[in-house]
Amino acid sequence: SAGARRELLKALQGKDPDLHALEQAITTANLLLFEQSSNDSSLDGMGTTLTVLWPAGEDMLIGHVGDSRAYLFRDGRLEQQTMDHSMVAEMVRDGLLTEEQAATHPMRNYITRAVGTEVTIEAQMLNVKRRAGDRWLVCSDGLHGLVSAERIQELMALEDVNEAADLLLQEALENGGRDNVSLVIFCDEEVTL
């Protein structure tokens, strides 16, 4: 994940926010990580999820690969913006599993897309209109897999965003913390046009 972050930032350096530039940067980071793992047998199978927010005037650009998530909390409602790239999520979308069945399915952590595992990658690219007062949450499945969407929404509504982040982390750990728990909350205080 550190390599993906490093390569993504390098590819975006000096560029103005643009969805195509973000997609190209993800493609570049993917290829570099794939080549790195191909040339070093100790890194065989290395891959990472990636969810990026890039403010661009009145828009929020999002690039996404894997099963980490980006959420938008607006007007008291939490909405998942990204689509999980996992076998179980695809089964839910195809109507083969319910959300309840997916939550306990033994293959729920099997992702179908990751940065660095294939020579090419298809990232989900989104452009969402921003509003002042929006709160954005980017988190790993170590959070959203252990804390319900209802509880995440409740905590995102807290006035103190630092308290919200601390409580989200604490509840994920108390609920099992079976995976890494990563989260960032971004408060969109002002939108520039």
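Visitor: Before we start, what does contact mean here?
Guide: Contact means that heavy atoms lie within 4.5 Å. Please note also that this is a predicted model.

Visitor: Then which residues does Ala56 touch, leaving aside those up to four places away in sequence?
Guide: Ala56 touches Pro17, Leu61 and Arg130.

Visitor: How many residues apart in sequence are Ala56 and Arg130?
Guide: They are 74 residues apart in sequence, and their C-alpha atoms are 9.0 Å apart in space.

Visitor: Where is Ala56 found, and is it buried or exposed?
Guide: Ala56 belongs to strand S1, which covers residues 50-56. Its relative accessibility is 18%, so Ala56 counts as buried, the cut-off being under 20%.

Visitor: Let us turn to helix H7. What span should its 14 residues have?
Guide: Helix H7 covers residues 161-174 and, at 1.5 Å a residue, should span 20 Å. The C-alpha atoms at its ends are 20 Å apart, which agrees.

Visitor: Which residues of H7 are buried?
Guide: Ala164, Leu168, Glu171 and Ala172 are buried in H7. These residues lie on the same side of H7, because they cover an arc of only 100° around the axis.

Visitor: What do they pack against?
Guide: The buried residues of H7 pack against helix H5 (141-144), helix H6 (149-156) and strand S7 (183-188).

Visitor: And which exposed residues does the face turned away carry?
Guide: That face of H7 carries Asn162, Asp166 and Glu174.

Visitor: What is found at the start of H7, and just after it?
Guide: At the start, a side-chain oxygen of Asp160 comes to within 2.9 Å of the backbone nitrogen of Asn162. Just after H7, Gly176 has a positive phi of about 130°.

Notes. Residues numbered from 1 in each chain as written. Predicted model: local features only at pLDDT ≥ 70, side-chain atom pairs only at ≥ 80, totals over all residues. Heavy atoms only, no water. Helix = DSSP H or I, 4+ residues; strand = E, 2+ residues; numbered from the N terminus. Expected span 1.5 Å × (residues − 1). Buried < 20%, exposed > 50% of the residue type's maximum accessible area, 1.4 Å probe, protein only. Arc of directions from axis to C-beta. Polar contact = N/O pair within 3.5 Å; in protein donor to acceptor, adjacent residues only side chain to side chain.
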